[in-house]
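Please consider the following note alongside the sequence and the coordinates.

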Amino acid sequence: MGSTPAELPCEDVADNRSGVGGGISDVYGEDSATLDQLVTPWVTSVASGYSLMRDPRYNKGLAFTDKERDAHYLTGLLPPVVLSQDVQERKLMHNLRQYTVPLQRYTALMDLQERNERLFYKLLVDNVEELLPVVYTPTVGEACQKYGSIFRKPQGLYISLKEKGKILEVLKNWPQRGIQVIVVTDGERILGLGDLGCQGMGIPVGKLSLYTALGGIRPSACLPITIDVGTNNEKLLNDEFYIGLKQRRATGQEYADFLHEFMCAVKQNYGEKVLVQFEDFANHNAFDLLSKYSSSHLVFNDDIQGTASVVLAGLIAAQKVLGKTLADHTFLFLGAGEAGTGIAELIALKISKETGAPIDETRKKIWLVDSKGLIVSSRKESLQHFKQPWAHEHEPVKNLIGAVNAIKPTVLIGTSGVGQTFTKEVVEAMATNNEKPLILALSNPTSQAECTAEQAYTWTKGRAIFGSGSPFDPVEYNGKTYLPGQANNCYIFPGLGLGLIMSGAIRVRDDMLLAASEALAAQVTEEHFANGLIYPPFANIRQISANIAASVAAKTYDLGLASNLPRAKDLVKFAESSMYSPVYRNYR
Ligand SMILES: NC(=O)C1=CN([C@@H]2O[C@H](COP(=O)(O)OP(=O)(O)OC[C@H]3O[C@@H](n4cnc5c(N)ncnc54)[C@H](OP(=O)(O)O)[C@@H]3O)[C@@H](O)[C@H]2O)C=CC1
Ligand SMILES: CC(=O)C(=O)O
Ligand SMILES: [Mg+2]
């Protein structure tokens, strides 16, 4: 029986493919490549003069000192003034604040990233609360929708069906060799905005800029990738500015084979320890990809696992405000896809570990509503596999308000991707049933949030503990200011990624996600609780990420999945010292 490529392990596929298999053992994959393999003619050169100023990794603009200008043939290419990086930062922040349209800020920041990488990251690190909504949700969503129109300089790697059979060669076109993290999307479920095809590239680019700014991973170790297998978005297919393949999406075996070639090429090119983060795939592929590659690659699905870890962290922290254990709660989700079932599963696992009850039992405290109503046992046969564990005994319930009234949840979580679905009636019912209802409107971007912060606070008369996927401004209600927290996986993936990299992890396990949740929850202080927060503010995110990284690394060592030996004595210090600093370097 001949196996299809998708069923074969990577090694077998590589052996079967001329030009992508065998013989590679050195770090560049060139010296021992067989004669029929294509290799890249690498050149190492020292940038100077005009080319130095055009290289975003080394450019410092007006901050080149007179000595550097002299030594590197820059004299005359810059006006005479020498500015410090701090002054450059102040000037750019001043300029950014002049833009009233968020997308203008986004393009200005992307231009900066392309022009002067260290200055870009300095801005992001020092002004994280102000700039996160620009490089990330919500503005990145609009940027993806308009990516074709605003497209100037390509960022990241585009791998389309045209490159079938030669993905390894495409990977070798990327100029950096020491890649540690890849964020990859196929653009089919971009935030709550649906299929944006090749224009989903804004998401891997944005996520990786957070890997660097929030988690301290070197920018040169980060690789954003968009897999273009077509799009079913008619508007894009008819858009003359669309940047992707103008064909409908490949599915089934063709899709599986293409993704398999990609995963094999990644491992062959970058080795066992490169972290591949799946991002914004549609759920009909996301769960299968995760389960297929989690035993052979270092893979992580941010929407399923990262979201689960951040929400669990908020719930652990909230125990202190609510005076209840996780097992005391009843959870109801609107949305039973990647985020919803991912979160539900991690909560059930955590309760099971805390109480010793079997996971089949702990799942019974968790209920989900999808587009057809409450998930109940009579629907089981027709449910997708990831919904089936949640099909509990109950009579059918058609909609969310019916489910709230029937289940009486203490925690309501929105993962539907549909805005304004937590109606006044739903939120008021939560407030009637609970002294302090916990309401998380996780869908992104802001337009898709299940309710706004203002709605949550006013409809519960200020009693809600509220968090959202995209940020909301503080809300004044009855003379009091409420600070809504941002429940977003960006609290987790940068620190988790750093922990995996610094320990040399070879696989991701649920226990590492639990460790990340505990570490994040531990950083919520009494002062944060007093302000109604169940997440710490982003201002301190680098320290938060270092603590998460240390906990994840410790768990990786405990599980015997770490390859970076010996284990550092102080993992927090090790994490801090591993972090990229965007401060300019002095050139000899
Ligand atoms: N804050 C964060 O960190 C994160 C937020 N998200 C956000 O969560 C949202 C969902 O993502 P994801 O889970 O990956 O998406 P999926 O497509 O996997 O799941 C969406 C779910 O919502 C259900 N749904 C859709 N419309 C309705 C409706 N009108 N009423 C009830 N249920 C509905 C779908 O039902 P059916 O199955 O019947 O079609 C499906 O179960 C997105 O907006 C995303 O941006 C995602 C990850 C992280
Ligand atoms: C935050 C995120 O990963 C999402 O909305 O898809
Ligand atoms: Mg996502």
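The points below begin with conventions and then proceed to the ligands and the backbone.

1. Conventions. This is a predicted model, in which local features need pLDDT of at least 70 and side-chain atom pairs count only at pLDDT 80 or more, whereas totals for chains, interfaces and linings use all residues. Residues are numbered from 1 along each chain as its sequence is written, chains are lettered from A and ligands numbered from 1 in the order in which they are written, and side-chain values use heavy atoms, with hydrogens and water left out.

2. Contacts of ligand 2. Polar contacts are pairs of N or O atoms within 3.5 Å; within protein, one must be able to donate a hydrogen and the other to accept it, and residues adjacent in sequence count only if both atoms are side-chain atoms. An N or O atom in the side chain of Arg189 lies 3.0 Å from an oxygen atom of ligand 2. For the side chain of Glu279, an N or O atom is likewise 3.0 Å from a ligand 2 oxygen, and a polar side-chain atom of Asn489 is 3.0 Å from an oxygen atom of ligand 2. Ligand 2 taken alone exposes 210 Å², of which the protein buries 91% (Shrake-Rupley method, 1.4 Å probe; for residues, only the protein chains shown count as cover).

3. Ligand 1. This ligand is surrounded by 26 residues, the closest being Arg189, Asn283, Ala336, Ser371 and Lys387. The shell comprises 7 nonpolar, 14 polar and 5 charged residues. Oxygen atoms of ligand 1 are found 2.8 Å from a backbone N or O atom of Ala336, 3.0 Å from a polar backbone atom of Glu338 and 3.5 Å from a polar backbone atom of Gly192. Taken alone, ligand 1 exposes 940 Å², and the protein buries 83% of that.

4. The sheet. Which order do the strands of the open sheet follow? The 7 strands run β8-β7-β6-β9-β10-β11-β14, with mixed pairing; strands (E, at least two residues) and helices (H or I, at least four) are DSSP runs numbered from the N terminus, and two strands pair if DSSP finds at least two bridges between them. β8 (373-374) and β14 (485-486) are at the edges with a single partner strand each, so one side of each lacks a neighbour in the sheet. Strand β11 (residues 465-468) runs parallel to β14 and is joined to it by 2 bridges; Gly467 has Gly485 as its bridge partner in β14.

5. Backbone geometry. Most residues other than glycine have a negative phi, and most peptide bonds are trans. The bond from Thr137 to Pro138 is cis, with omega near 15°, and Pro138 belongs to the loop between α7 (128-135) and α8 (139-145). The bond from Asn444 to Pro445 is also cis, with omega near -10°; Pro445 is in the loop between β10 (438-441) and α20 (453-459). Gln420, not a glycine, has a positive phi of about 60° and is located in the loop between β9 (411-414) and α19 (424-433).

Definitions and conventions
A residue is near a molecule or strand if one of its heavy atoms lies within 4 Å of it. Ala, Val, Leu, Ile, Met, Phe, Trp, Tyr, Cys and Pro count as nonpolar, Asp, Glu, Lys and Arg as charged, and the others, Gly among them, as polar.
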